[in-house]
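This report sets out selected features of the structure shown below, grouped by region.

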Amino acid sequence: MGSSSLSEDYRLCLERELRRGRAGVCGDPSLRAVLWQILVEDFDLHGALQDDALALLTDGLWGRADLAPALRGLARAFELLELAAVHLYLLPWRKEFTTIKTFSGGYVHVLKGALSEDLLIQSFQKMGYVPRDSHRLMVTAPPPACQLLQVALGCFALRLECDILGEVLAQLGTSVLPAEELLQARRGSVDVASCVAWLQQRLALPPQSPPALFRAQLDLYRGLQEDEGPEEPSLYGEPCPAPSSPPLELACRPLPWEQSAKLWGVGAEAWEPLAEAAVSQASSPPYEALEEELEPEAFSSLSLHRELLSRPGDLAAPKTPGSPGRASPQHMHGPRPEPPGYQAHSCLAPGALPALSCDTCRQLHAAHCAALRTCRLGHMLRALLGDTQRRLWLRRAQVDTLLYDSPGARP
């Protein structure tokens, strides 16, 4: 898939969300998974996207003792830059988006904390912003829409690159290493595993279990209030005033593997942020027990098979809230309906890891599967990011197959 095809898919994603009343950064899980896979295999795609990835990543990571928080800060900065370009592309008539204040808000708390002033000015100049004085950047002559779309797509790719580098650090087991070593390994590798292996050999590190990642949600539309900290900055200094305008929303969501309580929940929406109450309510005993007792790499389909068979009631439809220990009437009388299971689509070669899961047709797909065209028309797709999560989902499908084919599985 070339950069022109990616630009078209990205444009369709933004305009589809705008028709739904949301004008924000791209959050389409299928496009995210496809671009993630392409970037992992070919770092040079950044050159085709003209996003200045090497210069920006080097500037943001150079000299940092701990690269993990630096990558999180860079991801937030690229998201803010993407949002600024998306605003000008989708809503060019909104006057408040033509002026950016450089003395407060998101520019100070997010952008200047991650990137140098010169690179920030250079990035905004691609969107048509020029310094008006020492406190403001203003759009005097809006650039062509195709240029704004290219800038936004480049920032989207840079966000994913930060996630890829974060996955490398998670599997490496440490984030304290020279930035030049990480970037050199990333440019010379074709997947996360080979990048981790190169760094382990280079730095003489033992294999480690991956720690949990965290990304805080970012709201770029609200102005800073007296009782707010720099966690929710605005680029423009004021809230968006027009009540008739489409509500603006970000697509920054917790990473999928952070949503372990709802990872395999029936009917769960992709990229849905979970509150603490929802997490405790959605957690089912079998998966909760597995998370407590098993490391992700030690997880096996046989152990999950035994766990599922030991509590068959958890495979049925969700129980009525408020009566966790009572079966519904339809399960008390008559045969138990067969629970839906996930299956690996024929596009997956033996041993290959899936990139996407369709919650509607309940199949696991490769990133370039032709059947995804049908799924994108209205199915619920979720991106599977990182080898750990992909292996978990593949083993889930294997367990579903075992349960379906085992004696007594069917009525």
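A53 is found in helix 4, which spans residues 53–61; helices (H or I, at least four residues) and strands (E, at least two) are DSSP runs, numbered from the N terminus. A53 counts as buried, with 4% relative accessibility; buried means under 20% relative accessible area, exposed over 50%, and partly exposed in between, with a 1.4 Å probe and protein chains only. Leaving aside residues up to four places away in sequence, A53 touches H46 and L158, where contact means heavy atoms within 4.5 Å. The C-alpha atoms of A53 and E161 are separated by 8.6 Å, although these residues are 108 residues apart along the chain.

The model is predicted: local features need pLDDT of at least 70 and side-chain atom pairs count only at pLDDT 80 or more, while totals for chains, interfaces and linings use all residues. Residues are numbered from 1 along each chain as its sequence is written, and side-chain values use heavy atoms, with hydrogens and water left out.

## Packing of helix 8

Helix 2 (residues 29–41) packs against helix 8 (residues 145–172) at an angle of about 65°, and their axes are 10 Å apart. Axes are lines fitted to C-alpha atoms, for helices over the stretch in contact, and angles run from 0 to 180 degrees between N-to-C directions. Helix 2 and helix 8 are therefore roughly perpendicular to each other; angles under 35 degrees count as roughly parallel, over 145 as roughly antiparallel, 65 to 115 as roughly perpendicular and the rest as oblique. The crossing of helix 2 and helix 8 is right-handed, a term for the near helix being turned clockwise from the far one by less than a right angle, whereas anticlockwise is left-handed. From helix 2, L31, R32, L35, W36, L39 and V40 meet L153, F156, A157, R159, L160, E161, D163, I164 and E167 of helix 8. The residues of this contact divide into 10 nonpolar, no polar and five charged; Ala, Val, Leu, Ile, Met, Phe, Trp, Tyr, Cys and Pro count as nonpolar, Asp, Glu, Lys and Arg as charged, and the others, Gly among them, as polar.

Helix 8 also packs with helix 10 (residues 192–203), at an angle of about 50° and with axes 9 Å apart. That angle makes helix 8 oblique to helix 10. The crossing of helix 8 and helix 10 is right-handed. On the helix 8 side the contact is made by I164, E167, V168, Q171 and L172, and on the helix 10 side by V192, C195, V196, L199 and Q200. Of the residues in the contact of helix 8 with helix 10, seven are nonpolar, two polar and one charged.

Three strands form an open antiparallel sheet in the order 1-3-2; two strands pair if DSSP finds at least two bridges between them. Strand 1 (99–101) and strand 2 are the edge strands, each pairing on one side only. The twist averages 30° from one strand to the next. Strand 2 (residues 129–133) and strand 3 (residues 136–139) run antiparallel and are joined by four bridges; they form a hairpin with two residues between them. P131 has L137 in strand 3 as its bridge partner. Three bridges join strand 1 to strand 3, and K101 stands opposite R136 in strand 3.

Helix 7 (residues 117–125) lies across strand 1, strand 2 and strand 3, running at about 120° to strand 2. S123 belongs to helix 7 and is buried, with a relative accessible area of 12%. Not counting residues up to four places away in sequence, S123 touches L56 and L81.

Four strands form an open sheet of mixed pairing in the order 4-6-5-7. Strand 4 (343–344) and strand 7 (381–383) stand at the edges with a single partner strand each, so one side of each is left without a neighbour in the sheet. Strand 4 and strand 6 (residues 363–365) pair in the parallel sense over two bridges, and Q343 has Q363 in strand 6 as its bridge partner. Helix 2 lies across strand 5 (356–358) and strand 7, running at about 35° to strand 7.

## Positive phi in two loops

Most residues other than glycine have a negative phi. Q50, which is not a glycine, has a positive phi of about 55°. Q50 lies in the loop between helix 3 (45–49) and helix 4 and counts as exposed at 58% relative accessibility.

R362 likewise has a positive phi of about 55° without being a glycine. R362 lies in the loop between strand 5 and strand 6 and counts as buried at 12% relative accessibility.
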